[in-house]
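Subject: Structure handover

Hello,

Here is the structure we discussed, handed over for your use. My notes on what turned up follow below.

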Amino acid sequence: MTTTPLRIAVLGIGLMGRPMALRLKEAGHEVHAWNRTLAKAEPLTAFGIAVHSSVAEAVRKADIVVSLLESGPVVGHVLFELGAAQAMQRGALFIDMASIQPREARDHAARLGEAGLFHLDAPVSGGTVGAENGTLAILVGGRPEDFARAQPVFAALGRATLVGPHGAGQLTKLANQMIVGITIGAVAEALLFAAKGGADMAKVREAISGGFADSRILQLHGERMVERDFAPRGRMTVQLKDMRNALATASEIGFDAPITALFEGLYAEGVEHGLGELDHSGLFVELASRNAMQ
């Protein structure tokens with residue numbers, strides 16, 4: 001139980017928002033929740049979390065508001081059109097843990113600052129498993145004093161690192177997602193290549209584990225590929241969104257990202273072929289189809 005409980009509003013009760021709201025409640029904070037589809041948030045009432053049909057009611061009097069919304073435009077819509085920013089008490093801290101574009105994070109920070117509110121962009125890595133276990137990597141952009149203020153929230157959710165000013169957290173998340181998306185593709189292609197040549201795919205994964213090619217992607221996503229378990233933890237559509245955000249940001253800063261561009265095309269084709277709701281390791285299905293290995 002924390003010695004200084006906070007009133008925290010969580011906006012967006014999805015695959016990540018639900019376990020994160022529960023962890024904040026378990027840490028002793030007073031948690032309020034809002035979701036566009038109210039029915040998804042209502043089960044949280046059984047755990048002592050207050051669920052609101054209005055985002056303004058959810059954020060009113062909150063010390064800290066945590067956003068786990070779908071995209072930058074959705075975050076902006078909820079803040080500035082649905083009235084969340086107007087309803088927040090002056091001096092409150094908005095922690096945006098959604099994955100959006102760095103320029104969007106900087107814009108939100110500036111607009112909130114004009115209203116007497118504070119902002120951190122703090123996207124996460126670690127997926128639903130990390131959210132449930134409180135082991136997320138939290139990538140934070142903003143002011144050091146706001147980062148210090150957010151420590152009770154971060155402590156319940158994982159390990160936070162301040163990587164730079166507003167937008168830097170989102171830039172780091174895009175770098176993370178570039179590595180994740182590209183590595184999923186490398187693991188999928190390598191395992192399929194081995195299987196096509198007659199090797200046992202499960203044994204190939206076992207054989208190279210612990211070697212120079214080992215990684216969390218090989219261990220976690222490679223296992224999903226071997227078992228053909230593509231239940232969504234992080235969806236193909238979300239991975240595609242992240243790759244596109246990375247390319248948009250690369251264009252803005254004058255950076256050539258040919259490898260990310262290649263994989264953006266592969267994920268896009270997978271989504272076009274109806275794989276969008278699969279786990280992002282479902283890129284394996286797209287590559288298997290190309291090689292008539294379904």
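**Pockets**

The lining of the largest pocket is made up of 17 nonpolar, 20 polar and 12 charged residues. Please keep in mind that this is a predicted model. The largest pocket holds about 1,400 Å³ of space and has 49 lining residues. Those nearest its centre are Met-16, Arg-233, Gly-234, Arg-235 and Val-238. Two or more residues of this lining come from each of β7 (124-125), α7 (127-133), β8, α10 (168-196), α12 (216-227) and α13 (236-253). Helix α10 gives the largest share, with 6 residues.

The second largest pocket has about 150 Å³ of space. Its lining divides into 9 nonpolar residues and 1 polar residue, with no charged ones. The residues concerned are Leu-171, Leu-174, Ala-175, Met-178, Ala-246, Thr-249, Ala-250, Ile-253, Phe-255 and Ala-257. Helices α10 and α13 each contribute at least two of the lining residues here, and both also give two or more residues to the lining of the largest pocket.

**Nonpolar core**

The largest nonpolar core has 33 residues. The members that touch the most others are Met-20, Ile-95, Met-97, Ile-138, Val-153 and Phe-154. Two or more core residues come from each of these elements: β1 (7-11), α1 (17-26), β2 (30-34), β4 (64-67), β5 (93-96), β8 (136-141) and α9 (151-157).

Leaving out residues up to four places away in sequence, Phe-154 touches Ile-95, Met-97, Leu-120, Ala-122, Ile-138, Val-140, Phe-147 and Ala-160. With a relative accessible area of 1%, Phe-154 is buried.

**Aromatic pairs**

The whole structure contains 2 aromatic pairs by this search. One of them joins Phe-147 and Phe-154, with 5.9 Å between the centres and 40 degrees between the planes, a tilted arrangement. Phe-147 counts as buried because its relative accessibility is 16%, under the 20% limit.

**Helix α15 and what follows**

Helix α15 covers residues 283-290 and is mostly covered, with 6 of its 8 residues buried. The buried ones are Leu-283, Phe-284, Val-285, Glu-286, Leu-287 and Ala-288. They pack against α10, α11 (201-208), α12, α13 and α14 (258-275).

Ala-292 is in the segment after α15. Its relative accessible area is 68%, so Ala-292 is exposed. Phi of Ala-292 is positive, near 55 degrees, although the residue is not a glycine.

**A further positive phi**

Most residues other than glycine have a negative phi. Arg-228 has a phi near 55 degrees, a positive value in a residue other than glycine. Arg-228 sits in the loop between α12 and α13. With a relative accessible area of 46%, Arg-228 is partly exposed.

**Two single residues**

Ala-168 belongs to helix α10. At 13% relative accessible area, Ala-168 is buried. Apart from neighbours within four places in sequence, Ala-168 is in contact with Asp-121, Gly-141 and Val-163. Between Ala-168 and Leu-69 there are 18 Å in space, C-alpha to C-alpha, for a separation of 99 residues in sequence.

Ser-209 is located in the loop between α11 and α12. Its relative accessibility is 27%, so Ser-209 counts as partly exposed. Setting aside residues up to four places away in sequence, Ser-209 touches Asp-214, Leu-218 and Gln-219. Ser-209 and His-273 lie 64 residues apart in sequence, and their C-alpha atoms are 31 Å apart in space.

That is the end of my notes.

Regards

Conventions: Residues are numbered from 1 along each chain as its sequence is written. This is a predicted model: local features need pLDDT of at least 70, side-chain atom pairs count only at pLDDT 80 or more; totals for chains, interfaces and linings use all residues. Side-chain values use heavy atoms; hydrogens and water are left out. A nonpolar core is a set of buried Ala, Val, Leu, Ile, Met, Phe, Trp, Tyr and Cys residues joined through side-chain atoms within 4.5 Å. Buried means under 20% relative accessible area, exposed over 50%, partly exposed in between (1.4 Å probe, protein chains only). Helices (H or I, at least four residues) and strands (E, at least two) are DSSP runs, numbered from the N terminus. Contact means heavy atoms within 4.5 Å. On a 1 Å grid over the protein atoms alone, a cavity is a set of points where a 1.4 Å probe fits but cannot get out, and a pocket is an open set with protein on both sides within 12 Å along at least five of seven lines; lining residues have an atom within 4 Å of a point. Grid points are joined across faces, edges and corners, and a volume is the space filled by probe spheres set on the points. Ala, Val, Leu, Ile, Met, Phe, Trp, Tyr, Cys and Pro count as nonpolar, Asp, Glu, Lys and Arg as charged, and the others, Gly among them, as polar. Rings of Phe, Tyr and Trp (its six-membered ring) pair if their centres lie within 6.5 Å; planes under 30 degrees apart count as stacked, over 60 as edge-to-face and the rest as tilted.
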